[in-house]
Amino acid sequence: MATIYYDRDANPELIRRRRVAVIGYGSQGHAQAQNLRDRGVDVVIGIRPGASADRARADGFPTYAPAEAAAMADVVVMLIPDERQPAVFREEIAPHLTAGKALAFSHGFNIHFGQIRPPAGVDVFMVAPKAPGHLLRRFVREGRSVPGLLAVAQDATGEAKQLALSYAWGIGCTGAGVIETTFQEETETDLFGEQAVLCGGVTELVKAGFETLVEAGYQPEIAYFECLNELKLIVDLMYEGGLARMRYSISDTAEYGDLTRGPRIIDAGVRQRMKEILAEIQTGAFAREWILENQAGRPVMNARRAQEARHPIEEVGRRLRAMMDWLPRDEEAVEEASER
Ligand code: NDP
Ligand code: MG
Ligand code: MG
């Protein structure tokens with residue numbers, strides 16, 4: 001069973017005694033910074049000039065270049081995109097990480113795969129909220145809490161875990177509970193989940209179903225509804241009450257088809273390839289590929305993105321979503337931004 005920590009396990013004074021530099025003011029940056037400030041923590045933002053810097057200043061934060069912020073802080077939280085972190089860390093953060101400071105993350109990739117190598121004298125921990133930034137901010141402002149993961153990669157002071165717990169309290173995760181993990185477990189399971197199930201698995205499953213129906217002569221509009229649109233209803237039910245709640249809500253015909261046909265679609269071959277995908281993650285082969293892809297200017301990523309944008313399911317989807325006036329459109333982006 002997992003170890004879970006709650007409010008009673010966290011000492012708020014540990015983080016309140018320190019100055020926190022949040023590097024980056026995007027999805028997680030704005031939410032963690034604002035939640036910390038609401039709980040009485042001294043927060044400065046380390047950010048390059050641009051839209052995020054303007055937003056941070058408009059929200060009333062003192063903003064500095066990342067190097068300056070790191071120099072004046074006791075805890076430095078890396079909340080810029082994972083691919084950009086190594087360069088910013090090397091050039092702007094590392095020189096200011098004197099012994100006794102702490103370096104924090106919300107994702108383990110760069111530490112686990114050795115892209116960031118912190119000096120020996122600093123604590124290194126991770127607190128990863130299990131919600132996108134705008135929801136973390138909204139829920140905590142409403143007095144609620146979001147579960148999170150917590151891990152310590154390096155304990156130089158002997159206090160790293162207590163400090164991590166105090167930080168988790170500060171951003172609003174210990175009310176719901178934080179689960180103890182390791183940088184390795186968080187990184188490998190995160191990559192596997194997004195590749196095999198959540199993103200890679202689901203998009204290919206949807207496209208394969210859509211193409212099968214369209215090739216058999218069915219109308220693309222109907223195929224879109226059956227294979228993509230309805231996915232949300234099913235996922236919402238699973239999110240609320242697991243597989244059982246979903247199966248309780250669908251018809252018996254749907255449930256019988258699910259129970260007897262599902263295993264023929266996701267068969268032993270799929271499970272075997274899931275193991276291969278997991279192995280590529282565990283050996284670091286995927287990480288190496290992604291790091292090189294970035295160094296080369298993302299040729300594969302750009303080509304695949306362009307190809308996917310041309311898929312018929314996207315064109316049909318655009319037309320059908322225009323019929324659903326309750327769907328969030330550009331307003332969604334506006335709402336998200338206004339919550340920052
Ligand atoms: P975003 O893409 O939302 O935010 C990026 C921020 O970094 C922006 O403010 C951007 O500013 C700034 N930035 C980019 N490049 C630089 C640079 N070179 N120097 C200074 N600032 C820079 O990131 P996320 O919040 O999504 O991700 C941050 C971390 O949180 C990652 O480790 C991610 O894995 C993790 N995480 C994210 C979750 C999420 O909900 N998105 C959930 C859990 C973990 P500008 O406007 O100038 O580009
Ligand atoms: Mg991920
Ligand atoms: Mg149906």
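Tutor: UniProt, in an unreviewed entry, places the feature "binding site" at S251. The model itself is predicted, so the positions described here are computed from that prediction. S251 sits in the loop between α12 (231–249) and α13 (252–265). Because S251 has 8 C-beta neighbours inside 10 Å, and 12 or fewer counts as exposed, S251 is classed as exposed.

The same feature name, "binding site", is also listed by UniProt for D190 and E194, again from an unreviewed entry. These two residues bring us to the helix for the close look. D190 is part of helix α9, which covers residues 183–198, and E194 also belongs to helix α9. D190 has 17 C-beta neighbours inside 10 Å and therefore counts as partly exposed. For E194 the number of other C-beta atoms within 10 Å is 13, so E194 is partly exposed as well. Leaving out residues up to four places away in sequence, E194 touches C199 and G200.

Other residues of the helix are buried: in α9 these are F183, E186, T187, L191 and A196. What do the buried residues of α9 pack against? Their partners are the helices α6 (109–112), α10 (200–215), α14 (268–282) and α15 (285–295), together with the strands β7 and β8 (148–154).

Strand β8 can be followed through one of its residues, A151. A151 has 26 other C-beta atoms within 10 Å, and since 20 or more counts as buried, A151 is buried. Setting aside neighbours within four places in sequence, the contacts of A151 are G108, F125, M126, T181, T182, F183 and E186. Two residues in that list, F183 and E186, are among the buried residues of α9. A151 and E186 are 35 residues apart along the chain, yet their C-alpha atoms are separated by 8.6 Å.

Strands β7 and β8 both belong to an open sheet of 9 strands. The order in this sheet is β1-β9-β8-β7-β6-β5-β2-β3-β4, and the pairing is mixed. At the edges stand β1 (4–5) and β4 (63–64), each with a single partner strand, so one side of each has no neighbour in the sheet. The partner of β1 is β9 (residues 178–180), with which β1 pairs in the antiparallel sense over 2 bridges. Within this pair, Y5 stands opposite V178 in β9.

A shell of 24 residues surrounds ligand 1, and G24, G26, G50, S52 and H107 are the closest. The elements giving two or more residues to this shell are α2 (27–38), α3 (51–58) and β7 (123–129). Of these, α2 provides the largest share, 3 residues. Sorted by class, the shell holds 11 nonpolar, 10 polar and 3 charged residues.

Last comes the division of the chain. Domain 1 covers 4–182 and domain 2 covers 190–338, while helix α9 runs over 183–198. The centres of the two domains, taken over C-alpha atoms, are 31 Å apart. Between the domains, 4 residues of domain 1 are in contact with 5 residues of domain 2. The side of domain 1 that touches domain 2 is made up of 1 nonpolar, 2 polar and 1 charged residue.

How values were computed. Residues numbered from 1 in each chain as written. Chains lettered and ligands numbered in written order. Predicted model: local features only at pLDDT ≥ 70, side-chain atom pairs only at ≥ 80, totals over all residues. UniProt positions renumbered as here; feature names shortened; annotations may be inferred. Helix = DSSP H or I, 4+ residues; strand = E, 2+ residues; numbered from the N terminus. Contact = placed C-beta atoms within 7 Å. Near = placed C-beta within 6 Å. Nonpolar A, V, L, I, M, F, W, Y, C, P; charged D, E, K, R; others polar. Domains from an automatic or database assignment. Pairing = 2+ DSSP bridges.
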